[in-house]
Amino acid sequence: MIRYMEEFRSAAGSRALAADIRSLMPKQELAFMEICGGHTLTALKYGLAKLLPEGLSLKSGPGCPVCVTPQRYIDTALALTARPGIVVATFGDMLRVPGTDGSLLEAKARGADIRICLSPLEAVAFAQANPEREVVFLGIGFETTAPTAAAAVIEAEERGLRNFSLLTALKTMPAAMRALLESPTVRIDGFICPGHVTAVAGGRIYEPLADEFHVPCVVSGFEPTDMLRSILMLLRQVREKRGEVENEYTRVVGREGNPAARGVMERVFVPADAVWRGLGNIPGSGLELKVDYTRFDADRRFPVELPPPREYPGCRCGDVMRGTIDPPACPLFARTCRPDNPLGACMVSAEGACGIHYSYRDA
Amino acid sequence: MCLAIPMEVKTIESDKGVVEAGGVTYEVSFRLLPDIVPGDYVIVHAGFAIQKLDQEDAAESIRLFREIEEAEGKAKNE
Ligand code: SF4
């Protein structure tokens, strides 16, 4: 299996695919959006931009969970850490996201009880072991993560826990893609669709978009040859004037996704409106706990009063996630905003476009 | 958060089990992906197996890459 990964990273394979891409490139300029931060990472790490013909650009999209999480959510999490008895449990990459007034990391340094988890189940186990504490798990992410948060809620229910709750900012991808397609300032000639969102939700979630907007969509794996193959498939669609959903990542993804995971997600969550950093409020693009599970809803259990949220003046995270600028076009990029001093969410996460561009800026 | 590397399922006990990749083992939940047996390869996200890798399909992709590479090699030599 290790060898299998090497094959998907083969430089000769990449060069051969790039030659095919060049031969199919039309005269007009094209912009393909890779939704997922994992794809942005592959593209930068393997220098795919250099293999692509002139006029063909890749843009980052709104697929980094930490990055799209709005400022108000970070502020809510920060306010919760200040309440006695509450332990905030979170994936590690939330720690350094700047809120209106400081970050979770700074709160932790001041003594707030914040636990880093690799899985929401760790937060459930911690809640069970510490019945006198209230454990609030920060549930962020997309269709890939939502079933894991849902499974944690079910696990907490099965264990009879009353001290576990979820602060949800979970989101679903197609509504955000629709918002981008409807935006007059964003140009997208094709989507490289997120492999693991689709592994759960199924390739069919993009079919209404492809039909309505006649936009080519290709579900892609995360190795460099996967992405080049996906770009080739998009180019073929453009040349043949097709706007369809195709699947490059067939070794993991099917049209139906993972029905068991979807079932768990649908048992616990219902669609709701959600605010995205950079995209604003998008109707039906979020998930909230169903009525039967509101006792696990941190928002209801621990309401907080907050001043209006404020982002760092000049941070252009929103433009980066809409694909209207590349991170180096932000005047703060690599000057005042760096991974050791992030001014916006996109510089923090391993999946954030600004952070990825920073890591590979000389590559 | 996304680990794109497929991991091999080593052991399963009710809905939990151990997976391995590159010599490192992890404990994961199979609650979101029942019907898995040891020897399967899975994609893991946030402590849960979320999808199974189709090994035949992966082998087929590799075969296709080889063909593309060979075709390009030939084109260069001509
Ligand atoms: S470089 Fe920093 S300030 Fe600029 S958009 Fe990215 S995160 Fe915001």
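This is a predicted model: local features need pLDDT of at least 70, side-chain atom pairs count only at pLDDT 80 or more; totals for chains, interfaces and linings use all residues.
Local features need pLDDT of at least 70, side-chain atom pairs count only at pLDDT 80 or more, and totals for chains, interfaces and linings use all residues. Residues are numbered from 1 along each chain as its sequence is written.

Stop 1: Select residues 11-24 of chain A, helix 2, and residues 224-239 of chain A, helix 13. Helices here are DSSP runs (H or I, at least four residues), numbered from the N terminus. The two axes come within 9 Å and cross at roughly 15°. That makes helix 2 of chain A roughly parallel to helix 13 of chain A (angles under 35 degrees count as such).

**Stop 2: helices 8 and 9.** Now select residues 120-129 of chain A, helix 8, and residues 146-158 of chain A, helix 9. They pack at an angle of about 20°, with their axes 8 Å apart. Helix 8 of chain A and helix 9 of chain A are therefore roughly parallel too.

**Stop 3: the ligand.** Select the residues around the ligand, each with a heavy atom within 4 Å of it. Among them are A:Cys315, A:Arg316, A:Cys317, A:Leu332 and A:Phe333.

Notes. Chains are lettered from A and ligands numbered from 1 in the order in which they are written. Side-chain values use heavy atoms; hydrogens and water are left out. Axes are lines fitted to C-alpha atoms, for helices over the stretch in contact, and angles run from 0 to 180 degrees between N-to-C directions. Helices (H or I, at least four residues) and strands (E, at least two) are DSSP runs, numbered from the N terminus. Angles under 35 degrees count as roughly parallel, over 145 as roughly antiparallel, 65 to 115 as roughly perpendicular and the rest as oblique.
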